[in-house]
Amino acid sequence: MNDYRIEEFKRLVDKDEYSKYTLTALAELCGFSSRTSFFRYFKKVIGITPNEYIRSIGKTNEE
């Protein structure tokens, strides 16, 4: 299930509207109950943090 949540996060950050949300809000939108569990699982699966992922696709986030 968390794999689908990570894919949803990646889909959301690819859209311009995502920038009005914090990473915590995006994690909650994708179904994660806490920022910590989201960050831990994201790094385990993707190999980098959500912030590093956002930078790697050429986006920025204000958190």
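**Side-chain partners and a helix face**

Reply: Let's start with K10 and E7, which sit 3 residues apart in helix α1 and are therefore separated by about one helical turn. Helices here are DSSP runs of H or I with at least four residues, numbered from the N terminus. Keep in mind that this is a predicted model, in which local features need pLDDT of at least 70 and side-chain atom pairs count only at pLDDT 80 or more, while totals for chains, interfaces and linings use all residues. Residues are numbered from 1 along each chain as its sequence is written, and side-chain values use heavy atoms, with hydrogens and water left out.

An α-helix has 3.6 residues a turn, so residues three or four places apart point the same way. Side chains of opposite charge can pair when their charged atoms come close. K10 and E7 form a salt bridge, with 3.4 Å from N to O; the term asks for a side-chain nitrogen of Lys or Arg within 4 Å of a carboxyl oxygen of Asp or Glu. K10 is partly exposed at 22% relative accessible area, and E7 is also partly exposed, at 46%. (Buried means under 20%, exposed over 50%, and partly exposed in between, using a 1.4 Å probe and protein chains only.)

A second bridge joins E8 and R11, whose closest N and O atoms are 2.7 Å apart. E8 and R11 are also 3 residues apart in helix α1, about one helical turn. Both are partly exposed: E8 has a relative accessible area of 27% and R11 one of 38%. The count of salt bridges comes to 2.

Now let's follow the aromatic rings. The structure holds 6 aromatic pairs. (Rings of Phe, Tyr and Trp, the last by its six-membered ring, pair if their centres lie within 6.5 Å; planes under 30 degrees apart are stacked, over 60 edge-to-face and the rest tilted.) One of the pairs is F9 with F42, edge-to-face at 5.4 Å centre to centre with 80° between the planes. F9 belongs to helix α1 and F42 to helix α3, so this pair ties together parts 33 residues apart in sequence. Both F9 and F42 are buried. F42 also pairs with F38: their ring centres are 5.7 Å apart and their planes at 55°, so that pair is tilted. F38 and F42 are 4 residues apart in helix α3, about one turn. Ring pairs link F9, F32, F38, F39, F42 and Y53 into a cluster. One ring has a charged neighbour too: R5 lies over the face of F32, 5.7 Å from the ring centre. (That requires NZ of Lys or CZ of Arg within 6 Å of the ring centre and within 35 degrees of the ring normal.)

Finally, look at helix α3 itself. Its buried residues are F38, F39 and F42. Seen down the axis of α3, they fall within an arc of 95°, so they line one face of the helix; the arc is taken from the directions from the helix axis to the C-beta atoms. Covering these buried residues are elements including α1 (2–13), α2 (23–29) and α4 (50–56). The face of α3 turned away from its buried side carries exposed R40 and K44. After α3 comes G47, with a positive phi near 95°.

Definitions and conventions:
Helix = DSSP H or I, 4+ residues; strand = E, 2+ residues; numbered from the N terminus. Contact = heavy atoms within 4.5 Å.
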